[in-house]
Amino acid sequence: MSDPGRDVDREAGLALLHMMLRIRRMEEKSAELYSAEKIRGFLHLYIGEEACAAGVMRELRPDDAVVATYREHGHALAKGMSMRAIMAEMFGKVTGCSRGRGGSMHLFDAATRFCGGNAIVGGHLPLAVGLGLADAMLRRPRVTVCFFGEGAVAEGEFHEAMNLAALWRLPVLFCCENNLYAMGTALARSESEVDLVRKAEAYRVPAAAVDGMDALAVGAAARRALEHVRAGEGPYFLELRTFRFRPHSMFDPELYRNRAEVDRWRERDPIALLEGRLRAAGHLTDEARARLERDVEAEVADAVAFAEASPLEPEGELDRFVHAEVRA
Amino acid sequence: MREVTYREAVREAMREAMRADERVLLLGEDVGRYGGAFGVSKGLLEEFGEERVRDTPLSESGFVGAGIGAALGGLRPIVEVMTVNFSLLALDQIVNTAALLRHMSGDQFGVPLVLRMTTGAGRQLAAQHSHSLEGWYAHVPGLRVLAPATIEDARGMLAPALADPDPVVLFEHAGLYNLKGPLPEAPAPVDIARAAVRRPGRDVTLVTYGGSLGKALEAAAALAELGVDAEVIDLRVLRPLDDATLLASVARTHRAVIVDEGWRTGSLAGEVAARLGEQAFYDLDAPIERVCSAEVPIPYARHLELAALPRVEGIVAAALRTLGR
Ligand SMILES: Cc1ncc(C[n+]2csc(CCOP(=O)(O)OP(=O)(O)O)c2C)c(N)n1
């Protein structure tokens with residue numbers, strides 16, 4: 001094998017490392033704030049899976065849309081949302097991206113075309129199809145990227161969405177983050193066919209699987225996929241093979257998997273992997289690494305301070321926006 | 001007597017049913033290895049094995065439909081859907097198949113299925129995890145709809161539900177699982193046809209069910225301090241409604257406040273009010289009051305969520321209004 005660091009693009013590598021660190025540190029802080037009861041409800045951490053969102057999102061254009069699940073802090077940040085707006089949302093503050101009404105699972109941001117965290121497994125796949133349909137019909141050269149877990153593949157909506165997207169040749173990139181467990185259910189215990197690529201191919205959707213712990217590989221795969229989609233060739237299915245290092249949510253006692261399996265995957269930590277390659281290529285010095293860490297730490301601290309200082313939405317506004325407000 | 005939680009009471013009822021009848025199986029997402037999304041089925045896999053405590057893929061329509069088929073085929077499935085919100089993916093199977101089959105087949109096929117699901121808000125889980133749609137199910141002929149609000153009912157409703165030759169939907173309010181209370185060593189089965197008077201009173205009837213029972217009882221206690229003697233009725237059976245118990249109560253108190261975590265419009269509270277209007281019009285001394293959830297998707301932020309849900313003060317105020325106070 002050739003020198004693993006040789007083909008690392010310096011700029012891309014550093015940008016990906018920065019993004020993954022932002023996601024990681026923001027989420028570590030979130031877990032802490034959950035224990036401190038600043039953040040409540042369900043909190044699903046993405047720790048371990050950062051290379052997926054970071055890698056794909058770097059290949060997108062600002063007007064491409066993203067729809068994601070309840071495990072979407074990383075996607076939101078990588079799509080360009082501010083950490084302040086995300087943190088304030090988790091605090092339930094009115095300055096949050098959804099006015100504090102959605103919380104961790106329902107981040108929305110029209111400006112970056114982040115069309116939500118959806119907490120109904122599989123529920124957002126048809127939505128991505130519709131967004132793609134609108135772009136196709138209105139001849140807008142943009143793409144909708146839909147992120148979901150492998151658990152969603154069992155839902156009827158996955159199959160319906162695949163078929164529609166292929167049938168109508170829609171500009172949708174389906175990114176299945178296969179972290180092997182849907183809550184406590186391992187893929188092999190829920191699917192008769194565990195090769196997800198074959199499922200997509202059954203609908204004549206071109207598909208590929210990629211190492212979801214390798215941000216550069218994810219980026220390269222996303223680039224190829226997007227070329228296909230942007231060329232008007234229809235949807236593409238990307239399986240990102242990854243692992244969540246943390247429990248499903250803050251309530252999960254993790255009875256269904258053993259420590260050793262988690263530890264094995266932790267050895268392939270996407271941040272450490274990329275960092276190693278950058279160092280080997282001579283693109284990352286100790287000093288630069290420390291600076292990166294300091295910057296991210298400052299950004300997280302700023303986001304938390306912003307969230308803390310932000311006001312709550314007045315109770316009297318509870319019934320606003322159930323419908324559009326008619327403006328004079 | 002011993003102390004158990006609501007969660008343990010449901011688990012004990014399932015264990016008893018599975019020990020008593022080989023045909024009973026539990027089917028649902030993460031009911032086995034994970035121990036149930038709310039920890040209700042923890043330990044059952046170990047006792048009964050993977051055949052009878054069956055983890056399903058994320059496919060609500062599929063596994064609820066399979067439960068219906070299994071019931072048709074002679075089994076007695078308990079199907080757990082994690083929450084009522086996700087049951088909407090299976091609504092077609094429940095409404096278009098389970099509920100209709102007996103009537104539509106001219107009484108040739110029945111669906112002896114028990115469908116358990118969690119409902120309700122109060123834990124800051126935001127709009128896609130917090131709604132109370134019991135009223136929708138109570139709309140559908142062919143279903144029996146139960147809402148155990150006490151530990152006794154959580155323990156005692158399953159056996160008669162499994163004995164029912166037709167589909168029964170059992171709603172467990174997520175806020176009740178940690179409720180702790182006494183339970184006899186050998187609890188008696190519960191009558192799944194009748195509402196229960198949880199607190200007798202003379203001045204006003206508070207009608208409620210499920211997760212709102214605690215609030216109604218608290219309101220009754222607060223009203224007692226103000227010299228108002230409130231009766232609290234726990235509907236328990238949301239379909240078919242037990243009119244007799246309701247009417248007897250209102251005949252005594254002449255006033256009614258209905259507390260329902262569902263949205264007001266088209267709600268179960270609306271149905272109860274209509275029945276009282278139809279059948280107890282001349283017994284009533286004041287307009288019927290309803291305390292329901294605000295007509296908004298339940299928001300995440302704590303203060304907004306609380307503002308959206310029925311509150312004890314709201315119930316007290318409504319009761320006082322019926323008394324002209
Ligand atoms: C329709 C529906 N059913 C059940 C759930 C409960 N639930 C939330 S996440 C989850 C597991 C999903 O696993 P996967 O799709 O693999 O995504 P991951 O959580 O691993 O990112 C389940 C069962 C839900 N939110 N929606």
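How many helices and strands are there in chain A? There are 11 helices and 8 strands, where helices (H or I, at least four residues) and strands (E, at least two) are DSSP runs numbered from the N terminus.

Before going on, the ground rules. This is a predicted model, in which local features need pLDDT of at least 70, side-chain atom pairs count only at pLDDT 80 or more, and totals for chains, interfaces and linings use all residues. Residues are numbered from 1 along each chain as its sequence is written, while chains are lettered from A and ligands numbered from 1 in the order in which they are written.

Back to chain A. Its C-alpha trace spans about 60 × 50 × 40 Å along the principal axes. For 328 residues a compact globule would have a radius of gyration near 20 Å, and chain A agrees, with 20 Å; the radius is taken over C-alpha atoms, and the globule rule is 2.2 Å times the number of residues to the power 0.38.

One backbone detail here: R113(A) is not a glycine, yet has a positive phi of about 55°. R113(A) sits in the loop between α4 (83–90) and β2 (114–118) of chain A. As background, most residues other than glycine have a negative phi, and most peptide bonds are trans.

Chain B has 14 helices and 14 strands. The C-alpha trace of chain B spans about 60 × 45 × 40 Å along its principal axes. With 325 residues, the globule value would be near 20 Å, and the 19 Å of chain B agrees with that.

Chain B is divided into domain 1 (2–183) and domain 2 (196–322), with bounds from an automatic or database domain assignment. Their centres, taken over C-alpha atoms, are separated by 26 Å. Between them, 24 residues of domain 1 of chain B are in contact with 22 residues of domain 2 of chain B, contact meaning that C-beta atoms, placed from the backbone, lie within 7 Å. On the domain 1 side, the elements giving two or more residues are α7 (134–138), β6 (144–146) and β7 (168–173) of chain B. That side divides into 11 nonpolar, 10 polar and 3 charged residues. In these classes, Ala, Val, Leu, Ile, Met, Phe, Trp, Tyr, Cys and Pro count as nonpolar, Asp, Glu, Lys and Arg as charged, and the others, Gly among them, as polar.

Next, a helix pair. Helix α3 (residues 60–72) and helix α5 (residues 91–98) of chain B pack at an angle of about 30°, their axes 8 Å apart. Axes are lines fitted to C-alpha atoms, for helices over the stretch in contact, and angles run from 0 to 180 degrees between N-to-C directions. The two helices are therefore roughly parallel, the word for angles under 35 degrees. From α3(B), the contact uses S61(B), V64(B), G65(B) and I68(B), and from α5(B), D92(B), Q93(B), I94(B), T97(B) and A98(B).

Also in chain B, the peptide bond from R239(B) to P240(B) is cis, with omega near -5°. P240(B) is in the loop between β12 (237–239) and α11 (243–253).

Between the chains, 34 residues of chain A are in contact with 27 residues of chain B. The chain A side has 14 nonpolar, 12 polar and 8 charged residues.

Finally, the ligand, which lies between chains A and B. Of the 21 residues around the ligand, V121(A), G149(A), G151(A), A182(A) and F86(B) come nearest; a residue counts as near if its C-beta atom, placed from the backbone, lies within 6 Å. The shell has 12 nonpolar, 5 polar and 4 charged residues.

Terms used
Parallel < 35°, antiparallel > 145°, perpendicular 65-115°, else oblique. Contact = placed C-beta atoms within 7 Å.
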